[in-house]
Amino acid sequence: MFSLTQDPIDSSSLTSQMSNPQAGALVVFEGLVRNHNEGQAVASLEYESYSDLALLEAEKILNEARSLYDVFEIQCVHRIGHLNIKEIAVWVGVTSAHRKDGFKACQYVIDELKVRLPIWKKEYYLSGDATWVNCQQCSHTHHSIAKEDYYEKQLQISEIGEKGQKILEESHLFVIGAGGLGCPALTYLATAGVGHITLCDADRVDPSNLHRQTLYQKDDIGKLKAPIAAQRLSQMNPHIEVDYCSDRLTAENIESLITDFDLVLDCSDNFTTKFLVHDYCYDQKIPLVQSSLYQFEGQIRLFDERSGGCLRCTWPEEPEASCTGTCTQAGTLGAVAGVFGSLQALEALKVLLKIPTTEETRILNLLTFESFSLVQDRDLDCPLCGRSATLIPFKKENYIRKVKEWEVSDRSLQNLRDYEWVDIRLPEERKKETLPQPALELPFHRDALMPLEPYTNLDPNKKYLLVCSEGLRSRMLAEQLRTIGFEHFYSYGLD
Ligand SMILES: [Zn+2]
């Protein structure tokens, strides 16, 4: 809650209102009117505000602080009108489980309020003079680096120059995923000066992300990635605008999220998102740069109007999600993700700057440095770009997967207790996350020759819930067992 007031701020009454029994810390900041400023003796001061805008912007700042730090409640009051020495000009109160988050959120709020609110301060001096004071110099050094200095080195490149820089500045990009590929891609797009970036990621920072997702730090563990990434990118380059969405991109929301962008970068790690985004961008004629990784190997491809064929020419149907490994199961190395994320940023910059690039899928093995390219001709029977395409125009119904009746989605423990649990995760995953109830631990690996006896020998009169982290491996295994007649297996994903 943020409010503006003409009346003196009563700190103790505001503090007493912040009483969350779960809170381990209450951090209160009082900004006071002092009797001097820059060598002048101050007698009193006056705040004038553009109140409607100030209220809107302040709520935005409070929301940002809430998503960046683990806090219960943030309250803030700003004085306007005439103030005397020692009176409270701004009051911020934060309750949190731990003091660290409370301090950080409090500092974030006060720093951002000082530079972003349309509130102006006039100082009255003992000498009888008065002057309007620029508050920005008291806080951040926003925009203190001149653009020509920031971009000096890339302005020297003939393909960019001032004209190219202007094009980048006017571009608006949508980036899906702020993970292994997204972090390097976003970093180089932001620092190259892409004027407006919208990033979309619903995940929270996990300890296992930090070795490759360089926009995050140890203190970010457990927090949403999207607001942190947006904040770090804005700090790297103060000349651009970065906004974010922390919802998962789905068939339901893609039409409202991806509108009017010059290019989309797909840094996601799953087939469902890749096919959805690909088909939608094809329909909307938005250039798309996709990349994917598998251990030391990766591939990158640009889809735009010049493309020979589309993704559906190669894969008319979306492959079962379980047919390749995600990072959880396949493993991934930061430097490899860094290379391909940077390549994605580079391809995007080339498209925006109209620098010719390839239409082929480039595949690069970083272990051997072997590289090859795949040329995909247009398939006349392609369901998206073929003669009688069924997926155009875009319809969200085509992308909502029908959940099988044996895929358990009721997450209530009461329901889940009806099953015997079978944990099919890797030993290291088991160590990291304990299941909410005891489970039989059985081995699983993605291999057609995997012996199924440990499963088929289980009591056929019981219902077994195969559990993995994302629900992909369990789905694959349940399907496999059901195909050979063992219909007492069910699938469940923890996430
Ligand atoms: Zn096609």
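Let's start with an open sheet of four strands, which has mixed pairing and the order β1-β5-β7-β2. This is a predicted model, where local features need pLDDT of at least 70, side-chain atom pairs count only at pLDDT 80 or more, and totals for chains, interfaces and linings use all residues. Residues are numbered from 1 along each chain as its sequence is written.

**Exercise 1.** Find the edge strands of this sheet, then look at how β1 pairs.

*Solution.* Step one: strands are DSSP runs (E, at least two residues), numbered from the N terminus, and two strands pair if DSSP finds at least two bridges between them. Step two: β1 (2-5) and β2 (25-32) each pair on one side only, which makes them the edge strands. Step three: β1 pairs with strand β5 (residues 71-79) in the parallel sense, over four bridges. For Leu4, the bridge partner in β5 is His78.

**Exercise 2.** Which residues touch the most other members of the largest nonpolar core?

*Solution.* Step one: a nonpolar core is a set of buried Ala, Val, Leu, Ile, Met, Phe, Trp, Tyr and Cys residues joined through C-beta atoms within 7 Å. Buried means that 20 or more other C-beta atoms lie within 10 Å of a residue's own, with C-beta atoms placed from the backbone. Step two: this core has 63 residues, and Leu186, Ile197 and Leu199 touch the most other members. Step three: there's also a second, separate core of 23 residues, with Tyr47, Ala58, Val92 and Val94 among them. As background, nonpolar side chains tend to be buried together in soluble globular proteins.

Technical notes
Buried ≥ 20, exposed ≤ 12 C-beta atoms within 10 Å, placed from the backbone.
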